[in-house]
Amino acid sequence: MDFDLSEEQRLLKESVEGLLKSSYDFDSRKKYAKEKDGWSRDVWGKFAEQGLLGLPFSEEDGGFGAGAVETMIVMEALGHSLVLEPYLPTVIIAGGFLRRAGSAAQKAAHLPGIIDGSKTFAFAQLEKNSRWDLGDVSTTAKKKGDGWILDGEKFVVLNGEAADTLVVTARTAGGQRDRNGVGVFLVPADAKGVSRKGYPTQDGQRAADITFTGVEIGADAVIGDPANGLPLIEQVVDDARSALCAEAVGAMDESLTTTVEYIKTRKQFGVPIGSFQVLQHRAADMFVAAEQARSMAMFATMAADFDDAKERANAIAAAKVQIGKSAKFVGQQSIQLHGGIGMTMEAKIGHYFKRLTMIEQTFGDTDHHLARVSEAGGLI
């Protein structure tokens with residue numbers, strides 16, 4: 001199997017890495033985190049100028065018609081630089097819903113804003129006690145004439161505070177954990193009845209808890225089938241998991257590079273600590289873990305396009321297991337090899353460990369996905 005990138009893919013990789021190298025060093029990231037939205041509108045505009053925001057959308061919709069491999073390339077680069085901008089919730093998740101199931105009118109209304117960088121989105125899905133069960137939905141969407149009324153609460157909505165539009169999962173019928181009766185709705189963030197409480201997350205990003213109280217939306221707000229939207233949700237979330245795997249690989253790669261550079265220069269007993277064989281072995285183990293993660297991230301990228309939903313879900317769950325294991329090992333070893341300085345806010349390595357930890361928890365942690373693989377009869 002050929003894992004070499006095509007000429008176009010190599011150019012994309014060089015382009016996005018060059019952009020981030022010139023505008024996203026660690027000091028710049030700290031500055032961007034202090035901006036109103038917790039990320040830089042200027043950098044987001046550069047992403048749009050370079051075509052990154054239109055990458056996965058068809059040429060008919062104004063995009064570039066790129067695939068999962070191109071998404072992997074971009075997400076890995078974002079992981080390298082610990083990018084704060086809402087690429088995942090806007091392009092991967094909201095864009096995924098619109099790309100896969102949006103009507104022509106919905107695409108025309110929303111995709112141009114995503115592609116030119118003028119609009120951002122958030123995915124309001126997580127609820128109290130639902131953990132990682134995508135079908136555990138108590139937020140309700142009740143019919144009112146041709147439209148709907150939404151009531152409920154969503155928590156830890158990434159980019160929820162700054163988003164212009166919310167992609168909301170809500171129950172249209174059935175019990176709280178029934179697979180049927182879950183719909184996906186587009187809700188303007190400034191709609192009457194929407195209340196947002198923003199806060200910083202452990203990895204330096206921002207999220208919000210959002211309350212919907214009698215929020216009225218039209219019939220044109222529904223994406224796909226309002227009575228059977230869970231398969232669509234699962235597919236888009238698998239896209240997001242695959243993208244997160246690639247981001248984690250980028251963060252692990254940079255963590256390893258930073259740690260190796262540190263042990264080559266940090267001296268103890270008059271010599272660089274990297275000259276001690278036990279630390280060389282530790283760095284070698286980190287390299288192996290990162291490469292295992294890279295292989296599984298590639299597997300997840302390929303699996304994102306599987307036609308069989310069960311096969312896709314099992315493959316991406318297996319990838320998430322390895323990513324979680326590798327992220328924990330690489331992150332912990334990076335901190336230990338840095339010593340006390342690795343625990344400070346001034347050292348960037350701790351910020352990489354925090355981001356890796358949050359990725360491991362997003363859309364299912366290692367234990368959750370290991371259980372999924374086990375139930376499906378797969379092996380890790």
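How much of the chain over residues 123-209 is helix, how much is strand, and how far apart are the end C-alpha atoms? Over this span the chain is 0% helix and 51% strand, with 11 Å between the end C-alpha atoms. Helices here are DSSP runs of H or I with at least four residues, strands are runs of E with at least two, and both are numbered from the N terminus. UniProt, in an unreviewed entry, lists residues 123-209 as "domain: Acyl-CoA oxidase/dehydrogenase middle". Such UniProt positions follow the numbering used here, feature names are shortened, and annotations may be inferred rather than shown by experiment.

The model is a predicted one, so to speak of local features takes a pLDDT of at least 70, side-chain atom pairs count only at pLDDT 80 or more, and totals for chains, interfaces and linings use all residues. Residues are numbered from 1 along each chain as its sequence is written, and side-chain values use heavy atoms, with hydrogens and water left out.

Now for the chain overall. The protein chain has 11 helices and 10 strands. Its radius of gyration is 21 Å, close to the 21 Å that the globule rule gives for 380 residues, so the protein chain is as compact as a globular protein of that length; the radius is taken over C-alpha atoms, and the rule is 2.2 Å times the number of residues to the power 0.38. Along the principal axes, the C-alpha atoms fill a box of roughly 80 × 45 × 40 Å. Of the 380 residues, 53% count as buried, where buried means under 20% relative accessible area, exposed over 50%, and partly exposed in between (1.4 Å probe, protein chains only). Among contacts (heavy atoms within 4.5 Å) with a separation of 6 or more, 73% come from residues 24 or more positions apart.

Residues 228-376 are 79% helix and 3% strand, and their end C-alpha atoms lie 23 Å apart. Phenylalanine 363 sits in the loop between helix H10 (348-361) and helix H11 (366-376). Though not a glycine, phenylalanine 363 has a positive phi of about 55°, and with a relative accessible area of 12% it is buried.

Arginine 131 also turns up with a positive phi, about 50°, without being a glycine. Its loop runs between strand S1 (121-124) and strand S2 (140-144), and arginine 131 counts as exposed at 54% relative accessibility.

Neighbours within four places in sequence aside, serine 195 is in contact with Asp209, Ile210 and Thr211. From leucine 88, serine 195 is 107 residues away in sequence and 22 Å away in space, C-alpha to C-alpha.

The loop between strand S6 (194-200) and strand S7 (206-217) holds glutamine 205. Glutamine 205 counts as buried, at 13% relative accessibility. With neighbours within four places in sequence again set aside, glutamine 205 is in contact with Val83, Leu84, Tyr199, Pro200 and Arg355.
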